[in-house]
Amino acid sequence: DVGTLLLVNLAVHALAMLSMALVLLPMLPGGPVADPLERARAIAASPWALRLGWVPWQLCAAVDVWMGVAMARAAWLPRAVTVPTLLVTLAAVVPDQWGETRWQTELVDLAREAARTGDAAAFAAREAQAFTATAAWA
């Protein structure tokens, strides 16, 4: 049922916004911490907080795809609108999930190295790629 799924979608997105505000924002570019080394130190100190903070956003991607499929299958919605919507959603999920996966894996390792050495150059370069994928391309 598209109506029920819409409510689930809204709830998951609300949870993701809370996760962004309460957990992720201090660890991401554009948040209150401008210095990449400080963001790296925050990630190195709490890698599981970062990983868990991304889970609601990954659920958003899944529910968005689920919503797109449900809309494309709904007989009462025009396919001329729902099929392109599903395709655009799928196209957005790819860079989004790539970037989020980078944050949960490679960037945690780079953050630990940056925190250990005091050099955040490699972390900042990869962080910029992940941020562009999730914030711009997705």
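Me: Let's start with W57. Leaving aside its neighbours within four places in sequence, what is W57 in contact with?
Reply: Bear in mind that this is a predicted model. With those sequence neighbours set aside, W57 is in contact with A16, M17, M20 and L24, and also with Q97 and E100.

Me: OK, and which residues have the most contacts inside the largest nonpolar core?
Reply: W57 is one of them, along with L24, I43, L50, W54, W103 and F123. That core has 27 residues.

Me: Which elements give two or more residues to this core?
Reply: Helix 1 (2–24), helix 2 (36–45), helix 3 (47–73), helix 5 (106–117) and helix 6 do.

Me: Why would residues three or four places apart point the same way?
Reply: An α-helix has 3.6 residues a turn, so residues with that spacing end up pointing the same way.

Me: New topic: helix 5 and helix 6. At what angle do their axes cross?
Reply: Roughly 155 degrees, and the axes come within 9 Å. That makes helix 5 roughly antiparallel to helix 6.

Me: Is that crossing left-handed or right-handed?
Reply: Helix 5 passes helix 6 in a left-handed crossing. On the helix 5 side, the contact is made by E106, L107, L110, A111 and A114, and helix 6 brings A122, F123, R126, E127 and A130. By class, the contact has seven nonpolar, no polar and three charged residues.

Me: Is E127 buried or exposed?
Reply: E127, which is found in helix 6, is buried, because its relative accessible area is 2% and buried means under 20%. Leaving aside its neighbours within four places in sequence, E127 is in contact with M27, P29, P36, R39, W103 and L107.

Me: And helix 4 with helix 6, how do their axes cross?
Reply: The axes of helix 4 (residues 79–104) and helix 6 (residues 121–137) come within 8 Å and cross at roughly 150 degrees. The crossing is left-handed.

Me: Which residues make the contact there?
Reply: Helix 4 uses P95, D96, W98, G99, E100, R102 and W103. From helix 6 you get E127, Q129, A130, F131, A133, T134 and W137. The residues of this contact divide into seven nonpolar, three polar and four charged.

Methods:
Residues numbered from 1 in each chain as written. Predicted model: local features only at pLDDT ≥ 70, side-chain atom pairs only at ≥ 80, totals over all residues. Heavy atoms only, no water. Axes fitted to C-alpha atoms, helices over the stretch in contact; angles between N-to-C directions. Helix = DSSP H or I, 4+ residues; strand = E, 2+ residues; numbered from the N terminus. Left-handed = near helix turned anticlockwise from the far one by under 90°. Contact = heavy atoms within 4.5 Å. Nonpolar A, V, L, I, M, F, W, Y, C, P; charged D, E, K, R; others polar. Buried < 20%, exposed > 50% of the residue type's maximum accessible area, 1.4 Å probe, protein only. Core = buried A, V, L, I, M, F, W, Y, C linked by side-chain atoms within 4.5 Å. Parallel < 35°, antiparallel > 145°, perpendicular 65-115°, else oblique.
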